[in-house]
Amino acid sequence: MPTERPSYAERRGRAAAALAERGLAALLVSPGADLAYLTGYRVFTSERLTCLVLDRDGGATLVCPELEAARASAAAPDLGRVTWRETDEPHAIAASLVRSDGDIAVADQMWAAFVLKLQTALAGRAFSPASAVMRPLRERKDAHEREALRAASEAADRTYARILQRPFAGRTEREVGADLGTFLREEGHDEIGFTIVASGPNGASPHHETGERRIERGDTVVLDFGGGREGYRSDITRTVHVGGVIEAEPGRVHDVVRRAQEAGYKAARRGASAESVDAAARTVIDDAGYGKFFIHRVGHGIGLDGHEHPYLVHGNAQRLEAGMAFSIEPGVYLPGRFGVRIEDIALIEDDGSVRPLNRADHSFAIVT
Ligand code: CO
Ligand code: CO
């Protein structure tokens, strides 16, 4: 069900208030998740400067190349705009829109080529990463974002259900990965992010690059895939077995990882620390003797970026809050042999409880 268009002006108002609180003059935002969050404008980054200048007095102007003006206007009709032509110097234009005194917050993901020119154009002002301002806004998802994430996760769930019906043995990882991409699109994604198919020993590399290995009966296969739907990301992992006879150790490891994930869910609630979710899952894996093979944090936030705050990792004492969405994805990776990972996206509800956005079955599914 489509939800109402979020109030981008309201989001910009909150960002401007955060600038004022910190004594910053302005926020400079290039294409990426911050720009999408503040304006609804989703556009690729190129060598031509596109930059939102949000002054702490609330003034917001998008500096954009003339050839993209129509697109920007369609995506963000309520936003002031200054267009520049091919022979103009856009950094100076952006700098001229900073009216308040003080330092500059610049989007974490802005290209260095732009940052350096903007620093020259705004000489005398210090630059700092915009995440100090943007992170508290973006990590607590509003109703529109929660709905968007739910819809993306459900599409990923349906994709998983469909891949279980496809043959694995005798096909290459790349062929299975292509199916995942096709299904994600058919289920409503407008962007394919990644389709990891890590079979047999390749499963021991968490970010294995899907390749030409031909999948065999008896393989354990890690499937980790996701993409974007109207800007919001999906990310799900399930581990399947090719053929009906599961050997003792893959079966045991899968059970351990599944229990670790359940422990992560039990720990995740409003007020719990991000690191406590990691610890809860890790304890299960440690106790089973596989601790040194769980080689990554248990989870990451998700929203307009596939990986964003909060990170569920040892050392992050940040408290979980309503509206936070993140993965819970323990794994065990046995070099040269196989890997197992189970990943869901979960959301902290207003009542403080955790809600799984992925509901696809967690069991060690048998495929053919
Ligand atoms: Co993943
Ligand atoms: Co993930």
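Asp-235 and His-300 are both buried (under 20% relative accessible area, with a 1.4 Å probe and protein chains only). The model is predicted: local features need pLDDT of at least 70, side-chain atom pairs count only at pLDDT 80 or more, and totals for chains, interfaces and linings use all residues. Residues are numbered from 1 along each chain as its sequence is written, and side-chain values use heavy atoms, without hydrogens and water.

Both residues are protein donors of the cobalt ion (ligand 2), together with Glu-329 and Glu-343, at 2.0 to 2.3 Å. Donors are N, O and S atoms within 2.8 Å of the metal (3.2 Å for Na, K and Ca); water is not among the atoms, so sites may look incomplete.

| Donor residue | Donor atom |
|---|---|
| Asp-235 | OD |
| His-300 | NE2 |
| Glu-329 | OE |
| Glu-343 | OE |

Along the chain the donors follow the spacing D-x64-H-x28-E-x13-E. Asp-235 lies in the loop between strand S9 (232-233) and strand S10 (236-242) and His-300 in strand S11 (residues 299-301), so the pair ties together parts that are 65 residues apart in sequence. Strands are DSSP runs (E, at least two residues), numbered from the N terminus. Asp-235 also coordinates the cobalt ion (ligand 1), which is 3.2 Å from the cobalt ion (ligand 2).

The domain assignment, automatic or from a database, gives domain 1 (8-137) and domain 2 (140-367). Their C-alpha centres lie 34 Å apart. Nine residues from domain 1 and twelve residues from domain 2 take part in the contact (heavy atoms within 4.5 Å). Asp-142 forms a salt bridge with Arg-11, with the closest N and O atoms 2.9 Å apart; the term requires a side-chain nitrogen of Lys or Arg within 4 Å of a carboxyl oxygen of Asp or Glu.

Definitions and conventions
Chains are lettered from A and ligands numbered from 1 in the order in which they are written. Helices (H or I, at least four residues) and strands (E, at least two) are DSSP runs, numbered from the N terminus. Buried means under 20% relative accessible area, exposed over 50%, partly exposed in between (1.4 Å probe, protein chains only).
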